[in-house]
Amino acid sequence: MSYAPSDDRTVAVPEATAVAVLAALDVDASTPEAVDAALDAHESAARAAVLPPTVVLWQDAPLPAAVSGLPPDTGLRVTTEQGEVREWALRSPAPPTAPQAAAAPGEAAPGEAPPEEMTPKGVTPAPPADTPWTSLPSGVHRLDARLPDGRRASCHLIVAPAKVPPPQGPRHGLLVQLYSLLSHRSWGMGDLGDLRELAGWAGRSLGAGFVQVNPLHAAVPGAPTDPSPYRPSSRRFPDPVHLRIEDVPEYGYVTDTADRERLADVRATAAALRESVLHKGALIDRDAVWQLKKQALEILAAVPLGPGRQAAYCDFLAEQGVALEDHATWCALAELHGPDRAAWPGALADPASTDTARARTALQGRIDFHCRLAWLTDEQLAAAQREAVEAGMTIGLVHDLAVGVHPGGADTWAQPDAYAQGMSVGAPPDAFNALGQDWGLPPWRPDTLAASGYAPYRSLLRGILRHGGALRIDHVMGLFRLWWVPEGRAPTDGTYIRYDAEAMLAVLVLEAHRAGAVVVGEDLGTVEPGVRDALTARGVLGTSVLWFERDWTGTGRPLPPGTWREGCVATAATHDLPSTAARLTGDHVALRHRLGLLTRPLAEERAEDAAEVNEWLTYLSGLGLLPAGSGEEEAAVRAVYRFLLRTPARMVGVWLPDTVGDRRPQNLPGTWDQYPNWRLPVADAEGRPLTLEELTASPRLHRLMEVFRKET
């Protein structure tokens, strides 16, 4: 095994890594004899296979080779997810010199015909001409094949539209880390009530088309909880820590005097927590917020639901099914025994064990509590998206999908067969990180995904797209391949494992079409050749950050705005990068110096950074975007966004901290305790935290957003 980090270099994968990775895929390669046996078994299975586990049919493409390559007179039957059955047979293609006559009404088309022996009474044969395949509805269907020699096979058939829906309407919007946006009503961190208010204001007052948020996935509870939204317990359900307690309908029906007093005490503590973050320099404390909200939610859970609310809750339970029950069961078990399931008693680490079955009964009250929290969170997400649309946004909420999940979280507990045990996703060594990276996220098994028709992936996408107009996929290159690192080994000893990119893209396009959603891929950094082309062909937008857009194969100078790709979200900053003000002033270099993160002398780093910034400022001035004599940083920030509006990018994202001059990054890669990642509120240029109310009234914000009013 080997991989090629560049065209002129090939790196061999350590044998121990290959053995470990194959073992995670249930292939024994521990000895030469085992390797021979595994190869024999694989070759035998390949010879016997008639169809792969999953076949993809694009609605704008010919019949896939996996089907068209079957022997002539193979009988085919498709049972659609809608319950319709279509049947026909493959026929030998006509000689190339003989023109194919059009089929007469009621006759089968040349090359395809319904086999009478496979057409049961009451089933309509496939329509004429080429329509049996081209007219199949989109969805995940079942394909059955019967070969002339009597062999039978079946597989999943994914029929997908050609492209993801394109973005419509205003192309500018806000990029925000929700936890960082506190209002006078939130309990120490931004919540879904704040998101609803932000979306309504941005749509009506700024003419914005979208608001992109960080992943709202359910976190692993702990002391402390990992604050990173990119290492969740579950990507299938949102975290109830984002709930606005006062917006829960049952809040107004707490009548017990003692309960009302307890609620008042909790609210008073929450107000003090909020004030400590806004005015006393405290960091956002997710754990403290959750403990307060959990107390309040326990009180609200005792309030009986009205008949309509009860019916809505029952509908939600029925719709979410086993996935929600498993998630809530894990939450109840983690609540009782702690989040480390290796320490759980008996066989509770196995969701299918008898111990777990007994626990489901014993903990039914707590399981219902966590189910209700998922429902309440879903309701408030729906309310936020509804407000965005009513405010004129054509996209509304843009949700963020993390690369993976915590190895000890709810998803890996509920779906153990879907994940490669003992493996972690990361990145190989590169020019920026000679040691590589280990992100601590177990990867999906590509074989399990294919065998299930990509069911875990489909349900994940469908869930996150319930209440939003677009989806951002972090490290979208992971649809093609991921760097697997065996447990206990260094990231340098990993290897790439490929996924069926055609199937991953087909599922993505299919679910985006079902939801009417735009898809944005985060494709920054090293991208394998062909990946961006494949994504573009299916309508998936990329991510283009101003500072990285240069003519790397030529002059090295900034790319002219007209040469930027159209299929992207253009922006100047992200959660992992310095804010625009920090980059323009060099504050990000000073910060890394204070934390001991620089690999060169400070003077060298400052000189290189200043040269890069000055080159951009000179270029912006030459384009007439930065007025002469505008030496202040705020004017340069506006010039940066004027430049982004000059590009053909389908979407332009405004990093919310840029609107008020915040110079602190939300996350500083390569740090853990040295920097308060994911725990800072949005602040002004002096570092003073701002509330949502103050932010929306900020003169600096409105001066920046005037750029968009003039240019659009």
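The structure shown is a predicted model, in which local features need pLDDT of at least 70 and side-chain atom pairs count only at pLDDT 80 or more, while totals for chains, interfaces and linings use all residues. Residues are numbered from 1 along each chain as its sequence is written, and side-chain values use heavy atoms, with hydrogens and water left out.

We can start with the helices towards the N terminus, where helices (H or I, at least four residues) and strands (E, at least two) are DSSP runs numbered from that end. Glu 33 lies in helix H2 and is exposed, its relative accessible area being 58%. Together with Asp 36, Asp 40 and Glu 43, Glu 33 forms a negative surface patch. Patches of this kind bring together residues with over 30% relative accessible area and no salt bridge, like charges being joined within 9 Å. Asp and Glu count as negative, Lys and Arg as positive, and His and the chain ends are not counted. The place of a charge is taken as CG of Asp, CD of Glu, NZ of Lys or CZ of Arg. Accessible areas come from the Shrake-Rupley method with a 1.4 Å probe.

Asp 26 sits in the loop between helix H1 (15–24) and helix H2 (32–48). Its phi is near 65°, a positive value in a residue other than glycine, and Asp 26 is exposed at 61% relative accessible area. Trp 678 also has a phi near 65°, again positive in a residue other than glycine. This tryptophan is found in the loop between strand S22 (651–655) and helix H20 (692–696), but Trp 678 counts as buried, with 9% relative accessibility. Back in helix H1, Leu 22 is partly exposed at 29%. Leu 22 and Ala 420 are 398 residues apart in sequence, yet their C-alpha atoms are 9.9 Å apart in space.

Just after H10, Gly 392 takes a positive phi of about 105°.

Turning to charged pairs, side chains of opposite charge can pair when their charged atoms come close. With a salt bridge defined as a side-chain nitrogen of Lys or Arg within 4 Å of a carboxyl oxygen of Asp or Glu, the count comes to 52 salt bridges. One of them joins Asp 400 to Arg 472, with the closest N and O atoms 2.9 Å apart. This pair links distant parts of the chain, 72 residues apart: Asp 400 is in strand S13 (residues 396–401) and Arg 472 in strand S16 (residues 470–473). Asp 400 is buried at 2% relative accessibility, and Arg 472 is buried at 7%. Arg 472 also meets Asp 474 in a salt bridge (3.4 Å, N to O), and Asp 474 counts as buried at 14%.

Another salt bridge brings together the side chains of Arg 196 and Glu 197 (3.8 Å, N to O). Here Arg 196 is partly exposed at 22% relative accessibility, and Glu 197 is partly exposed at 38%. Finally, Glu 81, Arg 462, Glu 511 and Arg 514 are linked in a network of salt bridges.

Notes:
Buried means under 20% relative accessible area, exposed over 50%, partly exposed in between (1.4 Å probe, protein chains only). Patches are made of residues with over 30% relative accessible area and no salt bridge: like charges are joined within 9 Å, nonpolar side chains (Val, Leu, Ile, Met, Phe, Trp, Tyr) within 5 Å.
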